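Dear colleague,

I am handing over the structure below, and I would be grateful if you could look through it with the notes that follow it.

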Amino acid sequence: MTTSVTAVETTEEQAHFDALIEADLRIEPRDWMPEAYRKTLIRQISQHAHSEIIGMQPEANWITRAPSLKRKAILMAKVQDEAGHGLYLYSAAQTLGITREEMNMQLIEGRARYSSIFNYHTPTWADMGAIGWLVDGAAICNQVPLCRASYGPYGRAMVRICKEESFHQRQGFEILLELAQGTPEQKQMAQEAVDRWYWPALMMFGPSDDASPNSARSMAWKIKRFSNDELRQRFVGMCVPQFEALGLECPDKDLRFDEETGQWIMGEIDWSEFEAVLDGRGPANTERLKRRREAHDSGAWVREAATAYARKQAEARLAA
Ligand SMILES: [Fe+2]
Ligand SMILES: [Fe+2]
């Protein structure tokens with residue numbers, strides 16, 4: 001008897017959920033949602049949060065060596081923004097019923113994924129420019145449509161994040177522009193950094209849609225609004241005139257615009273490299289996780305002090 005009542009309720013709830021999605025309304029934490037929707041969102045939002053946090057490392061590497069006070073201030077602000085993005089996103093994921101501690105343990109124990117792009121090294125100052133321009137640029141293409149994601153807390157977090165990402169992309173472009181207009185050596189350094197980051201940035205959109213099994217379901221749930229290939233097209237279209245403005249060459253020598261289809265025809269992406277980095281065999285996978293664990297351990301006293309302070313405050317309130 002109980003089972004059948006539950007089944008009827010679930011069907012009604014499912015119908016309500018479907019109607020909200022259909023009407024382009026938001027699903028909020030108080031609403032019933034299918035378990036698979038909840039799990040997909042927890043995975044996506046927590047991976048996104050981890051990427052913001054791990055993504056601080058390749059750039060933090062250059063804060064002490066930025067070429068001027070102005071550049072140092074800009075880079076510090078950018079890296080701090082990424083920490084903030086991680087925090088908004090962990091908070092959004094917490095509304096789905098996972099704790100911050102659990103997400104943190106998944107990351108430091110190597111059970112969670114984060115964007116592969118952060119497993120590459122940053123050997124020169126020009127890499128700061130290439131990351132801002134290409135990596136944050138690709139992130140913007142991915143993230144602007146997420147502002148309309150069907151899950152309310154995720155969409156709202158993305159609105160704030162996207163505003164800051166635009167600044168990140170501009171500062172990266174400006175670093176490259178200054179180098180590209182500098183000495184031949186500086187221009188060469190800018191070109192080499194762009195050569196290092198261009199292909200990994202294209203890989204940030206993920207494999208082609210036919211090779212991406214979860215894409216269709218995420219689109220039906222209106223978490224995702226465009227396919228990986230559509231977003232990659234948009235990104236390449238954005239980069240082409242900017243390469244010209246910079247006076248740098250696009251590393252994809254086969255890239256051309258097909259007038260008939262209105263699509264960019266790109267050179268072959270090396271997906272074996274993508275898979276290798278995803279599987280933990282990228283240039284800096286081990287280093288990134290090691291650093292994250294060290295940061296977690298050395299921050300233990302802060303967490304303990306904050307917990308003790310909160311306990312004292314609670315006790316004082318009870319005694320009053
Ligand atoms: Fe970010
Ligand atoms: Fe960013």
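In the largest nonpolar core, which has 78 residues, the members that touch the most others are Tyr37, Ile45, Trp133, Leu134, Tyr151, Tyr154 and Phe235. A nonpolar core here is a set of buried Ala, Val, Leu, Ile, Met, Phe, Trp, Tyr and Cys residues joined through side-chain atoms within 4.5 Å, and buried means under 20% relative accessible area, with exposed over 50% and partly exposed in between (1.4 Å probe, protein chains only). Helix α7 supplies the largest share of this core, ten residues; helices are DSSP runs (H or I, at least four residues), numbered from the N terminus. Leaving aside residues up to four places away in sequence, Phe235 touches Leu134, Gly137, Ala138, Cys141, Ala201, Leu202 and Phe205, where contact means heavy atoms within 4.5 Å.

Please keep in mind that this is a predicted model, in which local features need pLDDT of at least 70 and side-chain atom pairs count only at pLDDT 80 or more, while totals for chains, interfaces and linings use all residues. Residues are numbered from 1 along each chain as its sequence is written, chains are lettered from A and ligands numbered from 1 in the order in which they are written, and side-chain values use heavy atoms, with hydrogens and water left out.

Donors are N, O and S atoms within 2.8 Å of the metal (3.2 Å for Na, K and Ca), and water is not among the atoms, so sites may look incomplete.

The iron ion (ligand 2) is coordinated by Glu82 (OE), Asp136 (OD), Glu165 (OE) and His168 (ND1), at 2.0 to 2.2 Å, and its site, with angles of 85 to 165° among the four donor atoms, is irregular. Glu82 bridges the two iron ions, ligand 2 and ligand 1, which lie 3.4 Å apart. Because Glu82 lies in helix α4 (residues 69-94) and His168 in helix α7 (residues 152-180), this pair ties together parts that are 86 residues apart in sequence. Glu82 counts as buried at 5% relative accessibility, and His85 is buried at 0%.

With best wishes

Note on methods. Four donors count as tetrahedral if all angles lie between 85 and 135 degrees; four count as square planar and six as octahedral if opposite donors are over 155 degrees apart and all others between 65 and 115; anything else is irregular. Helices (H or I, at least four residues) and strands (E, at least two) are DSSP runs, numbered from the N terminus.
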